[in-house]
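Let's take a friendly walk through this chain, one kind of feature at a time. Have the model open beside you as you read.

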Amino acid sequence: MNHTRGIVLAAVWLFGVAALASPPQAGLSFEVSVSDQGKLAVPGVRVQLKSGDAAPVVTDTDVNGKATFHELKPGKYQVSIAQKGFEPVEREVDLAPGGLAALDVTLTPSLEKTQIEVKGEASTVEQGSSPATTVTGQLAKELPNRPATVADALPLVPGVVREPGGALRISDSPENRSALIVNSADVTDPGTGQFGLTVPIDSVQTLNVYQTAFLAEYGRFTAGLVSVETKRGGDKWKWELNDPFPEFRIRSWELRGLKTATPRLNFEGPIVSGKLYLAEGFEYEIRKTAVYTLPFPRNQKLQEGLNSFTQLDWVATSKQLLTATFHVVPQRLGHVNLNYFNPEETTPDASTHNYTGTVAHRMSVGQSLFENTFSVTSFDVGVWGRGTNDLAITPQGNLGNYYAEKQRTAVRLSGLSTFAFAPVHGLGIHHYKLGLYVASSEENGQIAERPVDILNGAGVLTERITFTRPRSFEISDIETNFFAQDHWIVSPRLSLDLGARVESQQVSGAFRVAPRAGFAWNPIPGQGTTVRGGFGFFYDRVPLNVYVFNKYPDQAQTFYDASGEISSGPFLYLNTLGQARVRHPFIIQEPIDGNFSPQSVNWTVQLEQPVGRYLKLRTGFMQSLSDGLVILNPVPPDPETGLGAHLLSGTGGARYRQFETTARFRMGETSELFFSYVRSKGRGDLNDFGTFLGTFPIPIVRPNQIANSAADLPNRFLAWGLVQLPRKFRIAPVIEYRSGFPYSALDAAQNYFGTPNERRFPRFLSLDARVSKDIQVNQSYAVRVSVSGFNLSNHFNPEAVHWNVADPAFGHFFGHRGRRFTVDFDVLF
């Protein structure tokens with residue numbers, strides 16, 4: 001309670017300090033002239049003029065490259081110019097009677113960005129209806145957990161959490177319902193829909209996280225969108241070496257081997273000055289993660305691999321830019337999903353290889369922009385157990401070896417073409433955009449599964465699950481999407497986003513239409529208040545693993561009595577693709593097996609209000625109603641034939657509501673604090689297909705139920721940031737206080753006991769901090785030394801619970817990670 005009270009008092013103090021922008025006084029004109037490096041006028045460039053906390057004024061340059069503002073009051077103004085493909089421009093001007101009345105600006109190609117941010121949080125209506133959250137890249141790398149990839153940084157965003165099993169959930173939905181695009185290219189696994197190992201954070205320029213993206217150009221998801229733009233090389237060579245030294249494990253003052261080694265090398269610069277630029281982010285990782293519910297040394301999860309992202313940019317002309325990227329991620333995993341109930345011998349090992357290459361061409365055609373992106377993504381995955389013994393599942397924990405061996409390869413080739421028209425003036429300003437996306441995907445592989453035994457609390461066999469012979473599978477698919485949208489600036493105080501997508505997926509036989517609309521409105525002139533909202537239909541692309549489920553080995557179940565004799569069975573459950581009866585005005589679907597069209601209807605409303613120059617407040621509500629989700633459900637066997645089915649059908653649903661309040665406090669360019677509180681509720685069908693068809697499937701298929709979702713967190717408070725201190729010290733705190741994750745109680749037969757997910761872990765509280773200092777060694781390089789502390793309050797945050805009622809320790813929480821510290825060392829060139 002004292003910790004929470006301190007957090008609230010600190011937030012109130014921060015919210016109250018900001019406030020001073022004196023209003024300007026009266027009557028001037030100001031002209032901005034924009035040209036490119038060839039001294040040619042650039043029409044259609046958006047120019048924003050802002051004074052203090054007053055609402056900004058925005059206009060576009062005319063055919064002569066000029067933007068004129070009238071009826072301005074004397075005072076200091078911020079001039080902001082943004083044009084895709086060019087460096088943004090920020091200037092401060094001081095307008096006075098008889099003083100400066102014009103500004104000349106020369107745009108340069110956008111070749112160097114060093115920030116990582118989530119767009120869309122500006123308060124002007126020109127930013128549109130789709131809200132997001134902003135994260136600065138340099139700030140993210142300063143935080144105690146030192147995120148190495150995009151996925152590591154995502155839980156900093158309200159509405160994004162990492163569940164106990166390690167998977168990300170956006171808007172309380174599994175990863176396979178969200179989309180991840182890098183430089184406009186889809187990089188999710190075609191087989192599972194999962195993100196995989198994401199781009200190194202050092203290579204990221206901009207990171208956009210949308211819980212509700214109402215622009216029609218975004219599609220193929222029903223939950224959230226993560227959009228990444230990578231960093232381009234600059235005009236000067238820069239080098240950075242992070243974490244160059246390994247960390248060793250010391251127990252009882254004795255060296256017990258290597259713990260982690262995660263050196264990261266980043267460099268960028270011109271290969272041919274003014275023409276060809278290179279940016280490289282490279283990470284080598286050996287990581288042995290301790291599981292605190294198991295004794296040392298048999299508690300080490302192993303991870304070893306490379307993560308390399310290379311980008312080449314060729315400036316063909318002032319109007320054309322050609323970009324090529326290569327992402328290479330080979331990785332070896334050991335003791336996957338290791339925990340108290342799954343000791344070393346029961347866990348699988350895995351080898352994954354993810355390769356992605358893209359080529360993008362951007363060309364300005366007058367005031368219009370024509371973009372083409374071509375990409376190829378490949379996922380190779382191998383999973384195997386650590387022996388050939390049967391897996392035995394008991395109330396106290398599992399024995400034997402992991403039951404499944406899988407090898408698969410999935411490949412996607414895709415092309416995206418978009419054309420953004422020059423601004424059209426008439427009843428405001430219209431920014432029209434059209435796009436076409438075509439992708440060809442294929443997957444092939446084989447899977448073999450060994451028997452699984454279910455034992456009761458006394459160790460007596462009660463059920464045996466066997467599988468038919470190993471099976472091979474192969475499938476291909478073609479997707480075609482088209483969108484049209486209009487970002488309509490009705491007036492400086494009102495903008496509308498109108499558009500629609502048309503999507504088809506050959507393997508599902510579906511043709512889907514997704515209309516969307518949104519708005520941004522400044523209701524009170526001069527106050528900076530912005531109201532945003534939107535409504536839209538969204539559809540998932542269905543991963544290929546869903547359509548090869550009927551080619552997986554079928555399951556047979558045999559039940560035994562206390563004497564070890566067969567009491568019933570064996571019952572054969574055939575893997576079956578079902579049909580979903582579609583009653584939706586925007587879906588046309590053929591009546592075939594597997595005609596899945598997961599869909600959601602989302603709406604949101606949000607209010608933003610700046611308070612002075614340093615503080616911005618935001619509050620909002622969103623709701624997502626999802627139907628047609630793909631779920632797996634057992635169909636009881638026929639008493640006469642003994643045949644049942646594991647039916648994969650598009651009959652699932654989910655409901656999610658979220659109320660969010662955030663505050664961002666900026667103290668100059670290098671100090672920033674972010675506070676958020678999310679009140680949410682998520683319910684839906686529990687048997688999501690990803691649990692059974694993912695990279696590491698589980699063998700037990702329980703009857704589907706509707707209950708709280710696996711990551712339902714009614715309350716979550718999150719605060720983080722970076723504060724500069726004297727003598728070049730800095731501190732980066734992270735505070736999280738939330739409800740505990742839900743869990744389900746099971747009985748000795750591994751069936752649900754009571755209502756699933758009605759019990760919860762204790763409330764979670766963690767106070768982490770990282771203190772660092774840069775030491776300049778000479779003019780060429782500096783070193784950064786940092787100390788990070790985790791769970792400084794030593795709050796009891798258990799990682800596990802005995803959830804089986806046949807376990808004598810039922811209900812006991814354990815696996816607490818206490819207060820701990822680490823030391824980091826970086827070299828900056």
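Which residue lies over the face of F764? That residue is R738, at 4.2 Å from the ring centre. Please keep in mind that this is a predicted model.

## Charges over rings and ring pairs

A lysine gives another example of a charge over a ring: the charged end of K773 sits over F729, 4.8 Å from the ring centre.

F549 is buried, as is Y552. Elsewhere, ring pairs link Y340, F341, W803 and F814 into a cluster.

## The chain as a whole

The secondary structure comes to five helices and 51 strands. Of the 829 residues in the chain, 55% are buried. Among contacts with a separation of 6 or more, 67% are between residues 24 or more positions apart. The accessible surface comes to about 34,700 Å², and 58% of it belongs to carbon and sulfur atoms.

## Strands β28 and β31

On the surface you can find a nonpolar patch formed by F421, V424, Y432, L434, L436, V438, I478 and F482, with about 630 Å² of accessible area together. Strands β28 (429–449) and β31 (471–491) each supply at least two of the patch residues, and β28 gives the largest share, four residues. V438 has its place in β28 and is partly exposed, because its relative accessible area is 39%.

Is I475 buried or exposed? I475 lies in strand β31 and counts as buried, because its relative accessibility is 14%. I475 and E442 are 33 residues apart in sequence and 5.6 Å apart in space, C-alpha to C-alpha. Beyond its neighbours within four places in sequence, I475 is in contact with S441, E442, E443, V507, L544, Y547 and V548.

## Salt bridges

Side chains of opposite charge can pair when their charged atoms come close. The structure holds 45 salt bridges. One of them joins R146 and D826, whose closest N and O atoms are 3.0 Å apart. R146 lies in the loop between α2 (137–142) and α3 (150–153) and D826 in strand β51 (residues 820–828), so the pair ties together parts that are 680 residues apart in sequence. R146 counts as buried at 12% relative accessibility, and D826 counts as buried at 1%.

R408 and D189 also meet through their side chains in a salt bridge (2.5 Å, N to O). R408 is in strand β26 (residues 404–420) and D189 in the loop between β12 (185–186) and β13 (204–210), so this pair ties together parts that are 219 residues apart in sequence. Both R408 and D189 are buried. In a further salt bridge, D712 pairs with K681, the closest N and O atoms being 3.5 Å apart. Here D712 counts as buried, at 0% relative accessibility, whereas K681 is partly exposed, with a relative accessible area of 30%. Finally, salt bridges that share partners join K141, R146, D202, E240, D243, R264, D824 and D826 into one network.

How values were computed:
Residues are numbered from 1 along each chain as its sequence is written. This is a predicted model: local features need pLDDT of at least 70, side-chain atom pairs count only at pLDDT 80 or more; totals for chains, interfaces and linings use all residues. Side-chain values use heavy atoms; hydrogens and water are left out. Patches are made of residues with over 30% relative accessible area and no salt bridge: like charges are joined within 9 Å, nonpolar side chains (Val, Leu, Ile, Met, Phe, Trp, Tyr) within 5 Å. Accessible areas come from the Shrake-Rupley method with a 1.4 Å probe; for residues, only the protein chains shown count as cover. A salt bridge is a side-chain nitrogen of Lys or Arg within 4 Å of a carboxyl oxygen of Asp or Glu. Buried means under 20% relative accessible area, exposed over 50%, partly exposed in between (1.4 Å probe, protein chains only). Contact means heavy atoms within 4.5 Å. Rings of Phe, Tyr and Trp (its six-membered ring) pair if their centres lie within 6.5 Å; planes under 30 degrees apart count as stacked, over 60 as edge-to-face and the rest as tilted. A charge sits over a ring if NZ of Lys or CZ of Arg is within 6 Å of the ring centre and within 35 degrees of the ring normal.
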